[in-house]
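User: Hi! Could you help me look at how some helices pack in this one, and then at the pockets?

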Amino acid sequence: MASAFASWIRSPAAREYFFSTHFWGPVANWGLPLAALSDLRKDEEVISGTMTAALASYSMVFMRFAWRVQPRNYLLFACHATNATAQSIQGGRFVNYWYLGGKEKKEASKPVVQQAADAVQDTAKAVASK
C-alpha cells in the first residue's frame, strides 16, 4: 500500500492533481470551517443567527456539488461537511441562548458582584448615549 502511494505521488497524475483547482479550491476553502471551529469557543451572544444559517446552507449546497462533480472532490466535500457541522452546532447554540432560556441561565449563574458591575456598565452606556 505504501509503495502504491509512493509511486502515485511521483506520477504525472499526482502532479496534475496537486496543480489543479480540484485541489487548491478546497484548500483555500478550509478557512471557513477552521474559523467556524474556532468560533465554537466564543460567547453565544456574538453569534449571528442569519449568518450561521447562510453559511450552513451554503456548505450543504456545495457538499452536494462536491459529491456530484466528476471526478468526485472528496477534499471539497470534507471541507463543507466540516463547515456544515460546525455551523449547525453554532445554530444550536444560538437558538438555545436566545430562544430556549440559555441567556437567563447564564445570567443567573453569574456572581452578584459581576451582575452589579454589568448593571453599572449598562447604565453608563445609556447615560453616555443621551
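User: Is the crossing of α5 and α6 left-handed or right-handed?
Analyst: The crossing of α5 and α6 is left-handed. A crossing gets that label if the near helix is turned anticlockwise from the far one by less than a right angle, and right-handed if clockwise. Helices here are DSSP runs (H or I, at least four residues), numbered from the N terminus.

User: Before we go on, what kind of model is this?
Analyst: It is a predicted model, where local features need pLDDT of at least 70, side-chain atom pairs count only at pLDDT 80 or more, and totals for chains, interfaces and linings use all residues. Residues are numbered from 1 along each chain as its sequence is written, and side-chain values use heavy atoms, with hydrogens and water left out.

User: Thanks! At what angle do the axes of α5 and α6 cross?
Analyst: The axes cross at roughly 155 degrees and come within 8 Å. Axes are lines fitted to C-alpha atoms, for helices over the stretch in contact, and angles run from 0 to 180 degrees between N-to-C directions. α5 and α6 are therefore roughly antiparallel to each other. The cut-offs are under 35 degrees for roughly parallel, over 145 for roughly antiparallel, 65 to 115 for roughly perpendicular, and oblique for the rest.

User: Which residues in α5 and α6 meet?
Analyst: Among them are T52, L55 and F62 in α5, and F77, Q87 and F94 in α6. Contact here means heavy atoms within 4.5 Å. By class, the contact of α5 with α6 has 15 nonpolar, nine polar and no charged residues. Ala, Val, Leu, Ile, Met, Phe, Trp, Tyr, Cys and Pro count as nonpolar, Asp, Glu, Lys and Arg as charged, and the others, Gly among them, as polar.

User: And what about the loop between α5 and α6?
Analyst: P71 sits in that loop. The peptide bond from Q70 to P71 is cis, with omega near -5 degrees.

User: Okay, next one: how do α4 and α6 cross?
Analyst: Their axes come within 8 Å and cross at roughly 30 degrees. α4 and α6 are therefore roughly parallel to each other, and α4 passes α6 in a left-handed crossing. Residues including L32, P33 and D39 in α4 meet residues including C79, Q90 and R93 in α6. This contact has six nonpolar, four polar and two charged residues.

User: Where does α3 come in?
Analyst: The axes of α3 (residues 21-29) and α6 come within 8 Å and cross at roughly 15 degrees. That makes α3 roughly parallel to α6, and the crossing is left-handed. F23, P26, V27 and N29 in α3 meet L75, L76, C79 and H80 in α6.

User: Switching to pockets: what volume does the largest pocket have?
Analyst: About 210 Å³. On a 1 Å grid over the protein atoms alone, a pocket is an open set of points where a 1.4 Å probe fits, with protein on both sides within 12 Å along at least five of seven lines, and lining residues have an atom within 4 Å of a point. Grid points are joined across faces, edges and corners, and the volume is the space filled by probe spheres set on the points.

User: What lines the largest pocket?
Analyst: It is lined by 13 residues, of which D39, T52, L55, Q87 and Q90 lie nearest its centre. α4 gives the most to this lining, with four residues. The lining has seven nonpolar, four polar and two charged residues.

User: And the second largest pocket?
Analyst: The second largest pocket has a volume of about 170 Å³. Its lining residues include D43, Y97, K106 and D122. α8 gives the most to that lining, with four residues. By class, the lining divides into one nonpolar, one polar and eight charged residues.

Technical notes
Helices (H or I, at least four residues) and strands (E, at least two) are DSSP runs, numbered from the N terminus.
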